[in-house]
Amino acid sequence: MTDPENLSHRFEEDPDWSVDRDVDLLWHGTSSNLADSILQEGLRPGSHWGSLEVAEYFAERNCAEHGGRPVLIRLPVSAFSREDFMVDEQMVDFPVFDDYDVRAMAYEEVEAEGEPTWEDCLRVYESVVYPHKVTVDRSDIMLASGAPLPEASPAPSR
C-alpha cells in the first residue's frame, strides 16, 4: 500500500498547495459492523471524507458506538463530483486535532479573505462533506490495520 498520508501540506502556508497537486485519495472511517450495509446501500448523503488521520479517528468513534473493528474506506478524489463538496462545519466547530488553536487561526485568515471553500476546509481541517450517496466496492474498504476487509460470515443455518 502506498503512503496514505496525502494531505501533508495541511494548513501550513504553501501558496502552491492545491487539491489537484496534493490530494489523491479521500478517506472515510467506520466500523466493520456497518461495512455490509455500506456495501449494499452505499454511504448516505452527508458523509465525511478527508485525511487518513481524520478517518482513523472516526473509525474508532464508530466502533465505540457500533462495536466491531475500525474500517477505512478510500476513494480517489476523481470518484466524486468536486463541485458538490461542502465545508465540514462540524469539523470547524468541533475539530479532532490537538492543535486546535493553530488551525482555528489559519481558518480565520481564510475567512477574513472571503467565504471559505471546501478546499480550504480540507487543507485546514482535513475534512469535507459529500452531500450525495456514495457507492463503495469491497476493494475500497480495508481494516484500519491495512488488511483487506474479511468476507461476511454466513448466517448459521438452523
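Here are legends for a handful of close-up views of this predicted model.

In this predicted model, local features need pLDDT of at least 70 and side-chain atom pairs count only at pLDDT 80 or more, while totals for chains, interfaces and linings use all residues. Residues are numbered from 1 along each chain as its sequence is written, and side-chain values use heavy atoms, with hydrogens and water left out.

**View 1. How confident is the predictor along the chain?** The score here is pLDDT, the predictor's confidence in each residue, from 0 to 100. The protein chain has a mean pLDDT of 86, with 87% of its residues at 70 or more. Residues 153-158 have pLDDT below 50, and beyond near neighbours in sequence this stretch makes zero contacts in the model (a contact means heavy atoms within 4.5 Å). Where pLDDT is low, the predicted coordinates should not be read in detail.

View 2. Look for His28 in strand 1, residues 25-31 (helices, H or I with at least four residues, and strands, E with at least two, are DSSP runs numbered from the N terminus). His28 counts as buried because its relative accessibility is 11% (buried is under 20% relative accessible area, exposed over 50%, partly exposed in between, using a 1.4 Å probe and protein chains only). Its side chain reaches the backbone oxygen of His48 at 2.8 Å. Leaving out residues up to four places away in sequence, His28 touches several residues, including Leu43, Trp49 and Val71.

**View 3. Glu60 on helix 3.** Glu60 belongs to helix 3, residues 52-66, and counts as partly exposed because its relative accessibility is 48%. Glu60 and Ser31 sit 29 residues apart in sequence, yet their C-alpha atoms are 7.6 Å apart in space.

**View 4. Rings meeting rings.** Rings of Phe, Tyr and Trp (its six-membered ring) pair if their centres lie within 6.5 Å; planes under 30 degrees apart are stacked, over 60 edge-to-face, and the rest tilted. That rule gives seven aromatic pairs. Phe80 and Phe85 have ring centres 5.1 Å apart and planes at 45 degrees, so they are a tilted pair; both are buried. For Tyr107 and Tyr125, the centres are 5.2 Å apart and the planes at 65 degrees, so this pair is edge-to-face. Tyr107 is in helix 5 (residues 100-113) and Tyr125 in helix 6 (residues 118-125), 18 residues apart.

**View 5. A ring cluster.** Ring pairs join Trp49, Phe80, Phe85, Trp118 and Tyr130 into a cluster.

How values were computed. A polar contact is a pair of N or O atoms within 3.5 Å; within protein, one must be able to donate a hydrogen and the other to accept it, and residues adjacent in sequence count only if both atoms are side-chain atoms.
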